[in-house]
Amino acid sequence: MTEPLLSVENLRTYFHTRDGVARAVDGVSLQVNRGETVGLVGESGSGKSVTALSMLRLIRHPGRIEQGSRIVFEGKDLATASEEEMRKIRGNRIAMIFQEPMTALNPVFTVGDQVAEVARIHERASRRAAWRKAVEMLALTGIPSPEARARDYPHQLSGGMRQRVLIAMALMMRPELIIADEPTTALDVTIQAQILELLRDLQQRFGTAILMITHDLGVIAETCSRVIVMYGGEVVEQAPTNVLFAAPHHPYTEGLLRAIPRVGAIRERLAVIPGTVPPPTHWPDGCRFHDRCPYSWERTEHEHPPLYQVGEGHFSRCHLAEEPERRNQPHTPLVARRRVDAA
Amino acid sequence: MRIVPRITAPANAGVVVALGFLSLLLLAAVAAPWLAPHDPLAQPDIVGARLAPPGAAHPFGTDAFSRDVLSRVLYGARISLAVGVLATALSVTLGTAYGLVAGYAGGMLDTVLMRILDGFLAIPRVLLVLVLVSASGSLPLPALILVLGLTGWFHVARLVRAEALVARKLDYVTAARALGASGWRIVSRHILPNVLTPAAVAAVLGFANTIVLEAGLSYLGVGVQPPAPSWGNIMLEGTEQLRTAWWVALFPGIVLFATVVSVNTLAERIRSGPTGAILLR
Amino acid sequence: MSARLALARSAQAVVVIFVVASLAFFLIRLAPGDPFTAALNDPGITEEVRTEWRRSYGLDAPLAEQYVRYLGAVVRGDFGWSFSMQRPVAEALRAAVPRTMLLAGTALLLSFAVGIGVALVQVRHPGSMTDRVLNRTTLLAYSVPEFWLALLLLFVFSLKLGVLPAGGAVDAVMHSRMNWMERVVDTIRHLVLPATTLTIVGAAVVARYQRGALLDVLPSDFIRTARAKGVAEPAIVRRHALRNALLPTITLLGLTIPALLAGSVFVEKIFAWPGMGLLAVNAVASRDYAMVTAVVVVAGTAVALGNLVADLLYAAADPRVRDG
């Protein structure tokens, strides 16, 4: 059993605002092994993006990584590393791809310059050498006429091309891990497929591990071998992909899967999960999903569930693990009942 | 780019001080006849009491004619503030009207009006005023106010026009037009409210600019004419004896400085950003 | 940059200059009487002489004709006759304008250099004590009435401490006897106080503006990308952010020029700097409005050209605009 590449232990990232402390990431632990593609799925407000940014210590005031959090990468705890040490890791050993290719590139520099900059920083490469490497990388990401494109400015490229540029930028130093935060969300469906394929190819070629953050289960199904589901700032379920899709344990995951519209299925309404995520400043005491859950009972209202093991490599933060018979007594979720007297 | 007013952190110490000072100044100006320790025009002892340094009897000292500087500064406040307010009121009215017409009409009319406005904007305001003054000799106070008002509307017009251009493309304006609302109605009910904010910011900053300009003109001898006191002309008289009787030139300047700082502090709080301040210098 | 765009902007500048000149023409006509009204006080000048002058200056011609002749004259650089100085206005301007350019130009460069520098310091730790102190300072600095500041500096450095000259552009007595290096030093010594006055105010304006622009850019996505790439924080600000934040500052360049020219009117008067501001002030006193309006036209032209340069510079600097 080899050491995981990245091991996050009890990560807590809190935002200390005037309106209170928003506990965006509240005790998340996860691991990514070498060469693995792990999916991190959750809706907006689940804390998945903040988790990703925390890993590279890109969280800025008023947010901060709380004491007791550990982010162990290649034996080093990134949570307590110095800024200079972090700087050497960013873009070099761990790279990140962001969601909005339209705004993620600096409009006043050529794309070639921006990609080459990575080599100039981390390898102290000369301008020429860095440029050549950048052009190579652009070619590798499937950009036609890379020498010409490298001299273009971001506004001259399409969204899909820009995302390829960002991927090229991320791969320049052959990092061990790429954190991809919703890399295809802002793109057209056809381009999405191309980008995912590209990521898969590159991963196979370089053996990079990828942490794929997304709200789209379809993307997970296509690319990840293992999935981590987040809700309310916590990990609520973790399993190999096929297991998760075939036999989800946590009611939230069930709800997510059921909500995917399927062509050919006859339905009158979309199966949505009623209610919304509670605000991160006021997480409920018990299970954070209990008011939207069709199986909740008194215990879930007051007792915060730990992460139970429910199978081989399969974990779920749900009391159903101890009282599975409750699954036979579904009911209208509390939040749907309360809607009448909601303010 | 809509200029949205945001009074950020109203309990800020700077804003409180600024408002406090301006209120006091206004009060002092209004109550000058009762507050002033001496008659600002009286020259009681032109031989013995001239150019007396600041002391108990004369907190700001006396000038070359043995007049009490503090009293002159107080009375000067009346004139400077009145000129500033009236001229700015005129500028804002003219500028808003011009900007509304240009911004709402659009097209060729807007282009022509803007080119003319560019011409006006290219001339530093002080020079424009100097031309008008040199053409007609020294100006009586109402004429001075008129001249300042007529030269202070350009920046207001530009800001208002920019806002009007944005406003006229808004959905509810298009809707109003589709419903057959007349141009006048649309402008007054839909465009004007949007425009009030930048106009207000422009007014505040324009006021600061105008009182400084009036002081400057009085300093050059073409503004308020002595013996009527204005902060500017007191400082002019004080320049003669700057080396020895520095208080005559200093104190009016301090009061003017404090006034401008206060006004600018308030203007910055109405968050129009640094652009607003720049455009109106 | 697209030639068509450059041409269009240049044409716009020409239109503005034309409008300025026309405004000047009509402003002169606003005066009661004519340019020779001031001469009314001179007993040696009879009514016949004045009529003759009016005729030779075409003042008895219809307005339209006068306008055309005036425009023609302005294009040729002929601004008429200065009664207060008893020479052609153009001649007086030829000596004065370069001196104002020296003063204003120096102040412009220093304002931007210092202003941008201060903004960079402030933005390193926004909201910190340094930032807030500097913010308060720049507010004070741009609020100060320029002519009062000039008096203050004159008082402290020249009258009381005696380290810098009280006025003029050069030492009236010694300058012609100095070698070229001493002359440069002499001019610089005379330039210090007036330029500092203008720079204190100008740099404050630039600093506030630049700080705002930098704060607008720093939360951008591409800045986050740069950090994720491993770019060090100083380089983030100085390279990635500033390069974007300088763009609006180029626009500020165009707006600073009228402010500097306005300021130089008072500063030149107080420091007796023989530039066009001083010419204008002296001309007002003697009601020589041919001179004043000429200064207006020159100033307006300088502003229009300054704005044109700023626009072209902006287009050259922003790749998004460069390609139309």
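Student: How many residues does the contact take from chain C and from chain B?
Tutor: The contact takes 51 residues from chain C and 49 from chain B, where contact means heavy atoms within 4.5 Å. Do keep in mind that this is a predicted model, in which local features need pLDDT of at least 70, side-chain atom pairs count only at pLDDT 80 or more, and totals for chains, interfaces and linings use all residues. Residues are numbered from 1 along each chain as its sequence is written, chains are lettered from A and ligands numbered from 1 in the order in which they are written, and side-chain values use heavy atoms, with hydrogens and water left out.

Student: What area is buried between chain C and chain B?
Tutor: About 4500 Å², of which carbon and sulfur atoms give 80%. Buried area is the accessible area (1.4 Å probe) that two parts lose on being put together, summed over both.

Student: Why is the pair B:Glu268 and C:Arg208 called a salt bridge?
Tutor: The term asks for a side-chain nitrogen of Lys or Arg within 4 Å of a carboxyl oxygen of Asp or Glu. Here the closest N and O atoms are 3.1 Å apart, so the pair meets the rule. The count between chain C and chain B is one salt bridge.

Student: Which element gives the largest share of the side of chain C that touches chain B?
Tutor: That is H9(C), with ten residues. Helices (H or I, at least four residues) and strands (E, at least two) are DSSP runs, numbered from the N terminus.

Student: What makes S5(A) and S6(A) a pair of strands?
Tutor: Two strands pair if DSSP finds at least two bridges between them. Two bridges join S5(A) to S6(A), so they qualify. They run antiparallel and form a hairpin with two residues between them. In the turn, A:Glu74 has a positive phi of about 50°. A:Val72 has A:Asp77 as its bridge partner in S6(A).

Student: How do you know that S1 pairs with S5 in chain A?
Tutor: Four bridges join S1(A) to S5(A), running antiparallel. A:Ser7 stands opposite A:Val72.

Student: Why do S7 and S12 of chain A stand at the edges?
Tutor: Eight strands of chain A form an open sheet in the order S7-S8-S9-S3-S10-S11-S13-S12, with mixed pairing. S7 and S12 each have a single partner strand, so one side of each is left without a neighbour in the sheet.
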